[in-house]
Amino acid sequence: MRRLFRDPAQPPDTRPAILSVVSLMVILLPMLLMTTNARKLAGLPLAVSAPGDQLPPIPPGPIETLDVTLGESGFVVRASVRSTDVLAGSGDVETRELAADDLSALQGVLRTLKGLDSKRQRITLVPGTDSRAADVVLWIDAVKQDRHGPLFAEVVLQSPQVRGPSAGTP
Amino acid sequence: MKRRLFSGSTAGPPQGLSTGALAPMVDLFTLLIVAVLRTWSAEPPLETPEGEMQLPLTREETPPERGVVIDVGVDGLYVDGWRAGSASYWADAEGALVTDLYGPLQQRAGDSAVVRAHADAPWRLVGKVLLTAQQAGFERVSLVAESRASL
């Protein structure tokens, strides 16, 4: 005989399912912590040019050359921009020098130049001879991307200028 | 008031291990595993010829390529762990090439070289090392840094 009114059904017990997840994580987490390396290394592919080296050609754009030099009071951005004036002759290039006090100002200048030539990817960095490797990596990060997006992905580092003989002995 | 020694079956919620108590633990484990996987690196621990070497920090997360390893330490320059020259000498030496590195690098096969430079190494030395590697025939030269995503 079928009952018209049944007792309310008990909800299924979910504790075994959650316990199995917890047990799995208790096993997985120590294994991961033991087998992984806390220091994650990254590689920065670079091109290095000696002063005066001719670099491979890049797709033509309004900006012909773009260099960032570390000066005494900050960064100096030198950009050779093809003149777009209707009165300018063919191949006229205007060289602009823009100063930036710090990295955020440098990124602002580079963002403006990126707006002029959005397809340009190459930038040349000229660190000071006394710059540390950590600073150079910081600048590479800064010229590759700012908070608005990617800037110049292809970084060419100019090797230090040849100095006069002042070496000691090895 | 009389205390009951043997209480009957309770109709209320089960005591002890409850679903509500387990949920935060599962959340915590999930966060921990995500954090570990985010910083996970298959690379073996960094071993440098001069012991502990402080690498520059970067936002990049692309793992370094495999290739000839050039270390620029505080004291010396090393190729695949073998000392090739003095860091202080070549930092101040004239010329853009490090000839002590040039020979050992030319003997190595491959077209990829990775440079691990100490964070405080002067650029006048690191730049020379990078240029020397390129001049020795390595087409792909990269600088190794420590990702900021590290734990």
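Select B:Val126 first. Leaving aside neighbours within four places in sequence, B:Val126 is in contact with A:Ala133, B:Val72, B:Val115, B:Ala117 and B:Ala121; two residues are in contact if their C-beta atoms, placed from the backbone, lie within 7 Å. The model is predicted: local features need pLDDT of at least 70, side-chain atom pairs count only at pLDDT 80 or more, and totals for chains, interfaces and linings use all residues. Residues are numbered from 1 along each chain as its sequence is written, while chains are lettered from A and ligands numbered from 1 in the order in which they are written.

A residue is buried if 20 or more other C-beta atoms lie within 10 Å of its own, exposed if 12 or fewer, and partly exposed in between.

Now show helices α3 (residues 99-107) and α4 (residues 123-135) of chain B, whose axes come within 9 Å and cross at roughly 35°. Axes are lines fitted to C-alpha atoms over the stretch in contact, and angles run from 0 to 180 degrees between N-to-C directions. Helices (H or I, at least four residues) and strands (E, at least two) are DSSP runs, numbered from the N terminus. On α3(B) the contact is made by B:Leu101, B:Tyr102 and B:Leu105, and on α4(B) by B:Val129, B:Thr132 and B:Ala133.

Move to chain A and select α3 (residues 133-144). This helix has 12 residues and reaches 17 Å from first C-alpha to last, close to the 16 Å expected at 1.5 Å a residue, where the expected span is 1.5 Å times one less than the number of residues. Its buried residues include A:Ala133, A:Val136, A:Asp141 and A:Lys144. Chain A as a whole has three helices and eight strands, and buried residues make up 22% of its 170 residues.

Then display both chains. 59 residues of chain B are in contact with 47 residues of chain A. Elements of chain B that each supply at least two residues to this side include α1 (19-38), β5 (112-117) and β6 (140-147).

Finish at B:Asp80, in the loop between β3 (76-79) and β4 of chain B. B:Asp80 has a positive phi of about 50° although it is not a glycine. With 14 C-beta neighbours inside 10 Å, B:Asp80 counts as partly exposed.
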